[in-house]
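This report describes a single protein chain, taking a few residues and contacts in turn. Please keep the sequence and the model in view while reading.

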Amino acid sequence: ISEEYNSFNRESKITETDMFIDDVLLKLTGITAEDARKLNKSERLLLLLLTLNTSNHEMAVLFNTSSDSIRNRKVKLKKKMEQARIQLKKQLTYLI
């Protein structure tokens, strides 16, 4: 079974979700592809989860960390976005 699973993963590239996440992120947040490249994978995922109104507790479970860590990540993301002048849609600015 393990061999079949690994073969399926290699053929379907099911683990490569970067393109999907980036597409959805651009549509939901209104940021440009250039701005998205300024963020690392973890920051893009955090921003995507924020746009989906995911709670700190839910994100902590997904990232396998604490709610306090998520709050710190959100603060760091906000600072990075301000420094890089990454603009979200107006209705999303309250999320960070």
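Lys89 counts as partly exposed because its relative accessibility is 31%, where partly exposed covers the range between buried, under 20% relative accessible area, and exposed, over 50% (1.4 Å probe, protein chains only). The residue belongs to the segment after α6, the helices being DSSP runs of H or I with at least four residues, as strands are runs of E with at least two, numbered from the N terminus. Leaving aside residues up to four places away in sequence, Lys89 touches Lys27, Leu28, Thr29 and Gly30, a contact being heavy atoms within 4.5 Å. Although Lys89 and Leu28 are 61 residues apart along the chain, 8.5 Å separates their C-alpha atoms.

## Basis of the model

The model is predicted, so that local features need pLDDT of at least 70 and side-chain atom pairs count only at pLDDT 80 or more, while totals for chains, interfaces and linings use all residues. Residues are numbered from 1 along each chain as its sequence is written, and side-chain values use heavy atoms, with hydrogens and water left out.

## The chain as a whole

The protein chain has six helices and zero strands, and from the N terminus on its elements follow the order α-α-α-α-α-α. Of its 96 residues, 31% count as buried. Among contacts in the chain with a separation of 6 or more, residues 24 or more positions apart account for 48%. The chain exposes about 7000 Å², of which carbon and sulfur atoms supply 53%; accessible areas come from the Shrake-Rupley method with a 1.4 Å probe, and for residues only the protein chains shown count as cover.

## Helices α4 and α5

Two packed helices are described by the angle between their axes and the distance between the axes. The axes of α4 (residues 41-51) and α5 (residues 56-63) come within 11 Å and cross at roughly 145°, the axes being lines fitted to C-alpha atoms over the stretch in contact and the angles running from 0 to 180 degrees between N-to-C directions.

On the α4 side, Ser42, Leu45, Leu46, Leu49 and Leu50 meet Met59, Leu62 and Phe63 of α5. The residues of this contact divide into seven nonpolar, one polar and no charged, with Ala, Val, Leu, Ile, Met, Phe, Trp, Tyr, Cys and Pro counted as nonpolar, Asp, Glu, Lys and Arg as charged, and the others, Gly among them, as polar.

## The largest nonpolar core

In soluble globular proteins, nonpolar side chains tend to be buried together. The largest nonpolar core holds 17 residues, of which Ile31, Leu47, Met59, Leu77 and Met81 touch the most other members; such a core is a set of buried Ala, Val, Leu, Ile, Met, Phe, Trp, Tyr and Cys residues joined through side-chain atoms within 4.5 Å. The elements that give two or more residues to this core are α4, α5 and α6 (67-83), and α4 provides the largest share, five residues.

Asp23 lies in helix α2 (residues 18-29) and counts as partly exposed because its relative accessibility is 42%. Its C-alpha atom is separated by 8.8 Å from that of Ala33, ten residues apart along the chain.

Asn64, in the loop between α5 and α6, has a positive phi of about 55° although it is not a glycine, and with a relative accessible area of 71% Asn64 is exposed. Arg85, in the segment after α6, is another residue other than glycine with a positive phi, near 55°, and its relative accessible area of 68% makes Arg85 exposed.
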